[in-house]
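Reader: Hello! Could you walk me through how the pieces of this fold fit together?

Author: Happy to, let's take it step by step.

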Amino acid sequence: MKFMKLGSKPDAFQADGKSVRYVSSDLATDVTINVGEVKFHLHKFPLLSKSSRLQKLVLKASEENYEEIHMADFPGGPKAFEICAKFCYGMTVTLNAYNVVAARCAAECLEMTEDIDRGNLIFKIEVFLNSSILRSWKDSIIVLQTTKSLLPWSEDLKIVGRCIDSIASKTSWEPANITWSYTFNRKLAEPDRIVEDGMKFREKTESVPMDWWVEDICELDIDLYKRVMIAVKSKGRMNGAVIGEALKTYAVRWLPDSIDALVSEAHSRRNKSLVETIICLLPSDKCMGCSCSFLLKLLKVAILVGADEMLREDLISRIGLKLHEACVNDLLIPARSPQITTYDVELVQTIVNQFTMHEKKRSRGLDALEKNEKGSDDFILGSGSLLNVGRLIDGYLAEIARDPNLTLSSFVDLSKSIPESARPIHDGLYKAIDIYLKEHPILTKADRKKICGLMDVKKLTINASMHAAQNDRLPLRVVVQVLFFEQVRASAARPANNHHPHDASRSSTLNTQSEEECQKPVAAAEKCNSLKNAMSRMKLNEEVHRNGKLAKKSSKNSRSGVQLLPSRSRRIFDKLWAVGKGHGENRSSETSVSSQSPTSLAPGDTKSSGSSSRQRRHSIS
């Protein structure tokens, strides 16, 4: 820390209690000056030789026969006045970063200018500020902190502005040129500490990170911090990621962890101002800077403290651009009255809508470009973002599905809000649907059909299909749908060299007929995903080859899979499987009957069997 000593005489100021200060001297004091609650007994001559204002006050007091001079609202209080008085007496005074602003404001108030005496206090302090204090990183920050209690004097004297400009200029220096310790607020481990002597240029460069300054300015009050950050950004030389890290560090430093502390009456106004300021300071490039996780946490706090609506909308727009970086826990934002759900589903819906809007704009931009190498890379990146968001929303749906107050419409709307290309596999969606059905057992048949209509059974993996086939919470037609497409997969997985040409023709005809018959009970079977079927065939082929002979083992595997099914599903699966192995024209009629749902069967024994099976299912669920 820089310091400056003024004067050479020993300090002769003494105290008589807490409220009286006097100079020990052979000469009697002839003037009494009250500064705040402290009374100073001093001599006129040394004071009047340095202070123009004291000259005026003493003259006025003598004309009006006042015994004492009162100086109300003196900047810096009694301590600052004592520094000025000692300077007038020529006594030793030490100025440093902690008291220099108070001394400067007090000298200005007392009018200790060059017009009264050459080398007066104002001149000496200005030299110290410009030559030492403002050239030091740490001293500039300390001085800036002390200016707050000395407003408006420190502002009028442009000390605040000069400190801010000094700090902002130093933050934009190249790390390799930093010659001071950047551990103002933290201590690094010994290997990471900057050593001024004996360090090679390369080693020093690697030791100083780009964000070396972010923790040092965290001690500033939010108003001063805002001005410093605006100055840093105005230089135009700071990376958006570093700006984001600085804002995150400040938020972590000052925002309380508990919700009660955030919304408490004593701190709610301060926390609101802090959050709104941080949002305003976010990098102008919405794709740069802060992580999505930090932005979502900032949004939580903004909602709790009641931040400005426009600022929250800006935050939501930023989050929409980075939603693919988020995790499920980030989206679990508590709902506020009058919402009755545990989490704010409407807010997440808004964020997803923002993401979808940005994604559509990006897609239109890519379509306008020619298919060059750069455009291809951007498309791949965009596809990865879509897949991440698809997994994120499925995971979020699984979390909120446990909420008994979550309406079916909210679940369905959120599920439909992402593009189909974001969800190539429906295992996550199936899990969320299953949880919702389990936690909401009183759903009507129409509601169960509606929520299950979100799922495409052709996009389920084998494990998910086997689980769905045994799931009594699913509508019967969904189970039939799952079993049918598993049979289609098994038939398609059999190698062509194990089939007679006529068998292949008959199998194709049977599959076509079966699929046509299943169109009514199977609503989601219209849009088959060729990629998923190919993946499923590959998995089944690998299983078949491991077991030896293809035809026999295929039948065996199918039967072993059936043994895992409940009796109702096993009977349906047996009928469907018989279709692929039957012969003659009767096969078509059998397929037609087997592939029909229980509600479309002709009256008779078969219908009775289907009805009793359905009754058992409803009793289970």
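Reader: Let's begin with the open sheet of five strands: what is its order?

Author: Keep in mind that this is a predicted model. The five strands form an open sheet with mixed pairing. At its edges, β2 (13-15) and β6 (68-71) each pair on one side only. Read across, the order is β2-β3-β5-β4-β6.

Reader: By how many degrees are neighbouring strands of this sheet turned against each other on average?

Author: This average ignores the direction of the strands. On that basis the value is 25 degrees.

Reader: Which residue in β5 does I33 stand opposite?

Author: Strand β4 (residues 31-35) and strand β5 (residues 38-42) run antiparallel and are joined by five bridges. Across from I33 stands a residue of β5, and that residue is F40.

Reader: Which strands does helix α3 touch as it packs on the sheet?

Author: Helix α2 (residues 52-63) also packs on the sheet, touching β4 and β6, and its direction makes about 135 degrees with that of β6. Helix α3 (residues 77-89) has a direction about 10 degrees from that of β5. The strands touched by α3 are β2, β3 (20-23), β4, β5 and β6.

Reader: Are α3 and α4 roughly parallel or roughly perpendicular to each other?

Author: The axes of α3 and helix α4 (residues 100-109) come within 9 Å and cross at roughly 70 degrees. Angles of 65 to 115 degrees count as roughly perpendicular. The two helices, α3 and α4, are therefore roughly perpendicular.

Reader: How many nonpolar residues does the contact of α3 with α4 have?

Author: From α3 come A80, I83 and C84, while α4 brings A102, A103, A106 and A107. No polar and no charged residues take part, and the nonpolar ones number seven.

Reader: And is α10 roughly parallel or roughly antiparallel to α11?

Author: Helix α10 (residues 222-234) and helix α11 (residues 240-254) have axes 12 Å apart and pack at an angle of about 175 degrees. Because angles over 145 degrees count as roughly antiparallel, α10 is to α11 roughly antiparallel.

Reader: How many charged residues are in the contact of α10 with α11?

Author: Here I222, Y225, M229, V232 and K233 of α10 meet I243, A246, L247 and Y250 of α11. Eight of the residues are nonpolar and none is polar, while the charged count is one.

Reader: Last one: what arc do the buried residues of α22 cover around the axis?

Author: In helix α22 (residues 462-469), the buried residues are I462, A464, S465, A468 and A469. They lie on the same side of α22, because their arc around the axis is only 160 degrees.

Methods
Residues numbered from 1 in each chain as written. Predicted model: local features only at pLDDT ≥ 70, side-chain atom pairs only at ≥ 80, totals over all residues. Heavy atoms only, no water. Axes fitted to C-alpha atoms, helices over the stretch in contact; angles between N-to-C directions. Helix = DSSP H or I, 4+ residues; strand = E, 2+ residues; numbered from the N terminus. Parallel < 35°, antiparallel > 145°, perpendicular 65-115°, else oblique. Contact = heavy atoms within 4.5 Å. Nonpolar A, V, L, I, M, F, W, Y, C, P; charged D, E, K, R; others polar. Pairing = 2+ DSSP bridges. Buried < 20%, exposed > 50% of the residue type's maximum accessible area, 1.4 Å probe, protein only. Arc of directions from axis to C-beta.
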